[in-house]
Amino acid sequence: MTMTSIACNDQRGLIFLDPAAYTDQEGWHAVAADLRDNAPVLRVEAEGYTPFWAVTRYEDVFDVSRHNERFLNTRNSVLGPDVQLEMLTGMGIEPKTLIHMDGEEHRQHRGLANAWFRPRAVSQRQAAIDAIAEQFVAKFRDLGGRCDFAQDIAVPYTLRVIMSIFGVPEEDEATMLRLTQGIFGAADPEYLGDLSDPFALLTGTIAEFEEYFNQLAADRRAHPADDLATVIANGTVGGCPMDRDATLWYFTIVATAGHDTTSFALSGGLEALLRRPEQVRLLQQDPGLVANATEEMIRWTSPVRHFLRYLTEPAVLSGVEVPAGDRLLLSYPSANRDERVFSDPMRFDVTRSNANRTLAFGGGEHFCLGSTFARREIRTILPKLLAAVDEIALDGEPEHAQANFVGGVKHLPVVATFR
Ligand code: HEM
C-alpha cells in the first residue's frame, strides 16, 4: 500500500489521514485489522494535524457514539489539516451543521426536519422512489446494458430521490452534485478540475452553496411548498426563526449528506455482489433476501469513514486511558469489519445473520437522520435491477475515490443482459 509522505508517529495512523489509502481497500483493512488486535485505541501524531486517537473496535465506537454527554461533537468534527480550519476561520466561515452541535441545541435543530425522515414519512414516498428506480433501470437498459453503474445510475438515482423531497428542481441536480463533490471530494484529483488547490475548491463551493440556498430560502418563504426546503427556510428553533447561517448550514447538510453516501453504498455493494456471482443468483431466486443484502452492502462499504468526538472527561477505552480534551476518531469501516462482532468479516455475505448491526450510520443522538431513506433507496432499486437482467457482471476494474471522509467506488463498469 502506498502511503502519503505526512510525517506520523506510527505509519499505521496514515490510513485515516491519507485519502489515497482508502483506494486500496484490502490494504486498508489489513492495517485496520492489525490495529484492532494490537493497538485498538492508537494515538496518532501527524505533522500539521492536532493529534487524535483512532478507535477501531466495534464496542468502543458503539460506546462512544452513545454517550454524547461525555464525547462531544464540535465544529471540528471531520479530520483535516489544522491550517484548513484556521483559514476557514480567517475567512469567517464557521461550519455549523447538526454534526457540529451538541445537547439541547442539537436536539432542537434536529427536531425541525425529523418528521421528514421517519419510517412512516419514507413509506409515504415509496411510490415516488419506485418510479425513480424504474426510470434508472430503464436508463441502464437504454445504454445497451453497459454502463459506469456508479456515475450513470447510482449517483443520479440517489440524488434524485433526496432532491425530490428537498424540493430542488431536476434541472439544478447537476449543480447540487458538483457542489457536493466539491465538499466531500476535495482530495480527489478528478473533482479538482481546473483548480490545483483543494482548499480553493472547498471555499469556492461553500460560497456557491450560500448563493444558491439564499435564493431557495427566499423563494420558499415567499411561496411555501410541500417540501423539506420550505420546512428549513421557515424553521424556528426555541420559538425564534433560525438565523441565516444556521439555515444555510442546514440546507448544506441535507443537500450533501444524502446522496454521495448512499450512492457509494449502492455502487460498492453491487461491486461486492458481482464479485460473488452465486450471491447474485441467491438474490434473484429469493428477493426476500434483499433487505438483509442491503444491510450487508452498507456494512461492507461504510461510506462515511469517520467522525470525531471530544472528551469532556478522561475515559478508558479497550484499556487505554485517554485524557480529557483529546479527540477520538471513530472508524466506522473498521468497526464494521470487527471479527469480535461479525464472523469472517472480510466475507461479503447477503445471508449474514447480524448484518443489521452495522455501525455505518453511527449511533446515539447523531445517528444518521437519513438512514431509512438510504436503506429504502437500495432496497428499492436492487430487486428491480436483478429482476430485469439475466446476467450481470463487472466489465472492468472499479475505481475508488480518494477521500478520507466520505468515499467508495466512484467508477463501476458493469455489463448486463436484459430480459
Ligand atoms: C448509506 C448511506 C449513509 C451513511 C453510511 C450515512 C452515515 C452517517 C453517519 C455515520 C452519520 C453520523 C452519525 C454519528 O455521528 O453518530 C450521519 C449523520 C447524518 N446523516 Fe447520514 N448516512 C447515509 C445517508 C444519509 C441520507 C440519505 C441522508 C438524508 C439527507 C443523511 C443525512 C444525515 C444527517 C442530516 C446527519 C446528521 C445527523 C445529526 O448529527 O444529528 N444521511 N450519517
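Which residues are closest to the ligand, and how many surround the ligand? The legends below start there. This is a predicted model, in which local features need pLDDT of at least 70, side-chain atom pairs count only at pLDDT 80 or more, and totals for chains, interfaces and linings use all residues. Residues are numbered from 1 along each chain as its sequence is written, and side-chain values use heavy atoms, with hydrogens and water left out.

**View 1. The shell around the ligand.** Welcome to the ligand site. Here 28 residues surround the ligand, and the closest are H106, R110, R309, H366 and C368; a residue is near a molecule if one of its heavy atoms lies within 4 Å of it. Sorted by class, the shell holds 17 nonpolar, eight polar and three charged residues. In this sorting, Ala, Val, Leu, Ile, Met, Phe, Trp, Tyr, Cys and Pro count as nonpolar, Asp, Glu, Lys and Arg as charged, and the others, Gly among them, as polar.

View 2. Two or more residues of the shell come from each of the elements α5 (103-114), α13 (244-257), α14 (259-274) and β7 (306-311). Helices (H or I, at least four residues) and strands (E, at least two) are DSSP runs, numbered from the N terminus.

**View 3. The iron atom and C368.** Donors are N, O and S atoms within 2.8 Å of the metal (3.2 Å for Na, K and Ca); water is not among the atoms, so sites may look incomplete. C368 itself sits in the loop between α17 (332-335) and α18 (371-388).

**View 4. Nonpolar cores.** What is in the largest nonpolar core, and which residues have the most contacts inside it? The core has 106 residues, and F140, F149, F166, F213 and I392 have the most contacts inside it. Helix α8 (residues 149-166) gives the largest share of this core, 12 residues. Apart from it lies another core, of 23 residues, including C8, V44, F52 and L329. A nonpolar core is a set of buried Ala, Val, Leu, Ile, Met, Phe, Trp, Tyr and Cys residues joined through side-chain atoms within 4.5 Å. Buried means under 20% relative accessible area, exposed over 50%, partly exposed in between (1.4 Å probe, protein chains only).

**View 5. F166 and its contacts.** Not counting residues up to four places away in sequence, F166 touches F213, D227, L228, A229, I232, F251, V254 and A255. Contact means heavy atoms within 4.5 Å.

**View 6. S65 in helix α3.** Is S65 buried or exposed? S65 counts as buried, because its relative accessibility is 1%. This serine belongs to helix α3 (residues 58-66), and a polar atom of its side chain lies 2.7 Å from the backbone oxygen of V61. Beyond neighbours within four places in sequence, S65 is in contact with L330, G363, G364 and E365.

**View 7. S302 and S318, two serines with positive phi.** Most residues other than glycine have a negative phi. S302 has a positive phi of about 35° and is found in the loop between α16 (290-301) and β7. With 1% relative accessibility, S302 counts as buried. For S318, phi is near 45°, and its place is in the loop between β8 (315-317) and β9 (320-322). S318 is partly exposed, at a relative accessible area of 31%.

**View 8. T97 in a loop.** T97 lies between α4 (82-90) and α5. A relative accessible area of 8% makes T97 buried. Leaving out residues up to four places away in sequence, T97 touches W249 and I253.

Notes:
Polar contact = N/O pair within 3.5 Å; in protein donor to acceptor, adjacent residues only side chain to side chain.
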